[in-house]
Amino acid sequence: MLDLTAAGVWEGLRGKRLFLTGGTGFVGKWLLEALLFANQRLALGLHVTVLTRQPQAFVAQHPHLALAPGVTLWQGDVVDCDGPAMRCDLVVHAALPVLPLAMHSPDLMMVSQGGTARMAAWAVAMGAQRFLHISSGAVYGPQAAQVLALDEATAWDDSASANAYTLAKRAAEHVLNDRAWPFDWVIARCFAFIGPYQSENQGTAAAQLLSAAARNQSLVLSGTGQAVRSYQYASDMARWLLVMLVHGRAGEAYNVGHDTPWRLVDVAHQIAQTAQPALGVSTLGQPSSGLAGERYLPSLRKARDQLRLLNAVDLPIGIQRTLDWLGTPCLQPVSNQP
């Protein structure tokens, strides 16, 4: 992590006070892992305040994060919390709904749009200089068959038919786009990931397959397995987000992910072959490409050209690391992996 990140990123965090929403989720925990690892190794003097609805539960489940030096937990919710009365240099807003649970939430739009508006207003009041908003590649809508990869210039039509999740993610981005803010804001549009901390009931089909493999169960795909995705390993994701927080161009959106395409059935076989002992794979053949459509791949050219971002971990290695972690009876810090 340290060797793969430009020194200027860590220096941009030195002595800063950072406010993190969604710190108890998949993205947030990985950001904490990366920040705390760098804070200790490089003596950054960074302080992170984490907004959480259940601080006691976070302490009980992940004490190495919640009780780490430089971390303060603040109880509250993005839709009704004004944040603590403190100076704040940086805000990372990652407390946004994730699939599939978000699709069943009656408060989806309120959390996504209203929560973003409240956190942006709070950032102004506390004098933040930079604001990283964690969005999703879902804003683009289903990827057209003739489009090989979705880039940041892809236009969408808010009047066109779109699912509730896509509309909520777009609405959150509009909060930042539709007015002038006194801080520099950057949008990170996240695609598909794998790695420790990803819950099978909140993540992708790949996360569900990994969890089944960890239980030594055969892998079953309800669909045909022909849907195409790409998967970024979590440590690469965290590194990319920190670079965007410090060096992303103000008012710009960047895709976050991997660009190597994988059919879901091939992902299943890769997991099955990596597991010990090897597992069986079956497909039920029911048409099911997911809300993102049959193909869901990001273009990473902008992140490469502007921020020099590359991925260090390919899917087979990411699968191995995740299975190793799932097989460990106690949660352990994983940020020392690149």
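**Strand β2 and the sheet around it**

In this predicted model, 6 of the 6 residues of β2 are buried, so the strand is largely enclosed by the rest of the structure. Its side chains can be sorted by direction: His47, Thr49 and Leu51 point one way from β2, while Val48, Val50 and Thr52 point the other way, and all are buried.

β1 and β2 run parallel and are joined by 5 bridges, with Leu20 standing opposite Val50 of β2. To get from β1 to β2 the chain passes through α2, and this β-α-β crossover is right-handed. Parallel pairing also links β2 to β3, again through 5 bridges; here Thr49 is found opposite Thr72 of β3.

Stepping back, these strands belong to an open sheet of 7 strands, ordered β3-β2-β1-β4-β5-β6-β11 and paired in parallel. The edges are formed by β3 (71–75) and β11 (253–256); each has a single partner strand, so one side of each is left without a neighbour in the sheet. On average, neighbouring strands are turned by 20° against each other, direction ignored.

Further along the sheet, β1 (residues 17–21) pairs with β4 (residues 90–93) in the parallel sense over 4 bridges, and Phe19 has Val91 of β4 as its bridge partner. Two helices pack on the sheet, as follows. Helix α2 (residues 26–42) touches β1, β2 (47–52), β3 and β4, and its direction makes about 160° with that of β1. Helix α8 (residues 234–247) touches β1, β4, β5 (130–136), β6 (184–190) and β11, its direction making about 140° with that of β5.

Terms used
Residues numbered from 1 in each chain as written. Predicted model: local features only at pLDDT ≥ 70, side-chain atom pairs only at ≥ 80, totals over all residues. Heavy atoms only, no water. Pairing = 2+ DSSP bridges. Axes fitted to C-alpha atoms, helices over the stretch in contact; angles between N-to-C directions. Contact = heavy atoms within 4.5 Å. Buried < 20%, exposed > 50% of the residue type's maximum accessible area, 1.4 Å probe, protein only. Right-handed = clockwise from strand over helix to strand, strands pointing away.
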